Amino acid sequence: MIQLLFTVLAAEAAVAATLLFKTPLRKLAVLALDRLKRGRGPVMVRTVAATVLVVLASSVHSMAQIRGRAEGELDGAGVVGLTPTDQVLLARHLLEASLMGYSLFLALIIDRLHNYVKDIRRLKKNLEAVSKQNKTMLEAATHGKSEESEPDQKDISDAKKDT
């Protein structure tokens, strides 16, 4: 299970890094996440996340049991200690728990980054549309003023010719 968690963690870190930096892969990652969030995708992701959370809680509970069992035992010198087997089990549970926690955290980060990237893209499109509309309005206003000022100049030049 530890190898699987390391693989999942590496994949999630790669997706998060892809979303952080503007690369050609970012668009592909956003499209993949869009497809994942359609249909039954969100239900599946929540189910997997809930399962990982339950296994994480079980691992933390096992660590607490090992610690509690170790506190009840005293060695010859009256010092509480873990047996070598308990140390190995505790280290394994700690590694599993931390990998599952990091994995859940990265999944949350990826979700937020995906939303931010989509919002930024939408805001840029809106900004471009508004700036284009503003530019056309300014050009129309400029042409309107120049057309209005041209007849005034013609009237002045016509009046000079008449005199």
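## A walk through the helices and pockets

A search for paired aromatic rings, with centres required to lie within 6.5 Å of each other, gives a count of 0 aromatic pairs. Keep in mind as you look around that this is a predicted model.

A ring can still have a charged partner. The ring of tyrosine 116 has the charged end of arginine 112 sitting over it, 6.0 Å from the ring's centre.

Charges also meet charges here. Across the whole structure, the search turns up 5 salt bridges. One to look for joins arginine 92 to glutamate 96, where the closest N and O atoms are 2.9 Å apart. To find this pair, go to helix H4, which holds both arginine 92 and glutamate 96. They are 4 residues apart there, or about one turn of the helix.

Now let us turn to the open spaces. The largest pocket holds about 860 Å³ of space. Its lining is made up of 28 residues, and those closest to the centre of the pocket are Glu12, Val45, Val48, Ala49 and Ala107.

Which helices each supply at least two residues of this lining? There are four to trace: helix H1 (2-20), helix H2 (24-36), helix H3 (41-72) and helix H4 (84-162). H3 provides the largest share of the lining, 10 residues. Sorted by class, the lining of the largest pocket has 20 nonpolar residues, alongside 4 polar and 4 charged ones.

The second largest pocket comes next, with about 160 Å³ of space. You can pick out its lining by name: Lys22, Arg26, Lys27, Val117, Ile120, Arg121 and Lys124.

In an unreviewed entry, UniProt places the feature "transmembrane region" at residues 40-60. In the predicted model, the chain over residues 40-60 is 95% helix and 0% strand. From one end of this stretch to the other, the C-alpha atoms are 30 Å apart. While you are here, recall that helix H3 covers 41-72, and that Val45, Val48 and Ala49 are among the residues closest to the centre of the largest pocket.

Note on methods: Residues numbered from 1 in each chain as written. Predicted model: local features only at pLDDT ≥ 70, side-chain atom pairs only at ≥ 80, totals over all residues. Heavy atoms only, no water. Phe/Tyr/Trp six-rings, centres within 6.5 Å; stacked < 30°, edge-to-face > 60°. Lys NZ or Arg CZ within 6 Å of the ring centre and 35° of its normal. 1 Å grid on protein atoms, 1.4 Å probe; cavity = no way out; pocket = protein on both sides within 12 Å on 5 of 7 lines; lining within 4 Å. Points joined across faces, edges and corners; volume = space filled by probe spheres on them. Nonpolar A, V, L, I, M, F, W, Y, C, P; charged D, E, K, R; others polar. UniProt positions renumbered as here; feature names shortened; annotations may be inferred. Salt bridge = Lys/Arg side-chain N within 4 Å of Asp/Glu carboxyl O.
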